[in-house]
Amino acid sequence: MSYPDPRYCSEHGEVSAAFRPAATAPDFVAKPRPHAPANATGTAYHYLSATVSTGGEYGLYRVDMGPETSGPSTHFHKAMSESFFILSGTMRLFDGRRWVDATAGDYLYVPVGGLHAFRNESGEPASMLMLFAPGAPREEYFEGVTELAGLSEEERAEFFVRHDSFFV
């Protein structure tokens with residue numbers, strides 16, 4: 001395997017990096033589900049490198065989940081891989097064969113088409129990085145998934161197809 005062909009052709013570098021302080025507020029906070037426990041906080045999404053800012057190369061997000069049980073069921077993507085890196089707490093990860101309790105420093109790579117799921121079932125907050133490659137407009141997915149209850153079955157099905165999420 002070799003390096004990809006160059007995409008930057010100048011002989012001199014440029015000033016183009018983007019710094020985001022850790023204290024930056026989340027870009028989107030999904031409210032807790034109805035009937036969630038009193039200590040529920042919802043899920044906070046930090047759009048660290050949105051697809052638009054990386055030119056579609058990848059999307060990197062920090063996901064801070066509250067103590068309430070949350071997370072998607074088993075699914076796969078046809079157009080992108082997904083990776084999970086646990087920052088804190090305990091996250092249940094499904095690799096297509098088994099569920100594991102992942103903690104800080106644990107990592108899961110899911111190739112295109114790979115079955116996977118994740119859940120916070122610990123009763124405590126958990127935080128992770130999610131990486132999608134190539135990038136996709138996942139911000140629209142994260143924000144739209146909270147509105148699914150108000151959609152018809154056909155509209156929900158179209159939403160998931162549009163966002164490359166195929167549930168099994």
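**Strand pairing and burial**

Guide: In this predicted model, H46 stands opposite R62 in β3. Residues are numbered from 1 along each chain as its sequence is written, and side-chain values use heavy atoms, with hydrogens and water left out. Because the model is predicted, local features need pLDDT of at least 70 and side-chain atom pairs count only at pLDDT 80 or more, while totals for chains, interfaces and linings use all residues.

Visitor: Why is H46 called buried?

Guide: Buried means under 20% relative accessible area, exposed over 50%, and partly exposed in between, with a 1.4 Å probe and protein chains only. H46 has a relative accessible area of 4%, and is therefore buried.

Visitor: Which residues are in contact with H46, beyond its neighbours within four places in sequence?

Guide: Contact means heavy atoms within 4.5 Å. Among the residues that H46 contacts are R20, T24, P26, L60 and R62. The C-alpha atoms of H46 and P26 are separated by 4.7 Å, although the two are 20 residues apart along the chain.

Visitor: Why is β3 described as largely enclosed by the rest of the structure?

Guide: Five of the seven residues of β3 are buried, hence that description. Strand β3 (residues 59–65) also pairs with β10 (residues 126–133) in the antiparallel sense, over seven bridges. There, L60 stands opposite L131 in β10.

Visitor: What is the order of the strands in the open sheet, and which are its edge strands?

Guide: The six strands follow the order β1-β2-β3-β10-β5-β8, with antiparallel pairing. The edge strands are β1 (28–30) and β8 (107–110), since each pairs on one side only.

Visitor: Why does Y109 count as partly exposed?

Guide: Y109, found in strand β8, has 46% relative accessibility and therefore counts as partly exposed. Y109 also belongs to a nonpolar patch on the surface, together with F85, L87 and Y107. β5 (81–88) and β8 each supply at least two residues of the patch.

Note on methods:
Pairing = 2+ DSSP bridges. Helix = DSSP H or I, 4+ residues; strand = E, 2+ residues; numbered from the N terminus. Patch = residues over 30% accessible without salt bridge, like charges linked within 9 Å, V, L, I, M, F, W, Y side chains within 5 Å. Areas by Shrake-Rupley, 256 points an atom, 1.4 Å probe, with all protein chains shown as cover. Salt bridge = Lys/Arg side-chain N within 4 Å of Asp/Glu carboxyl O.
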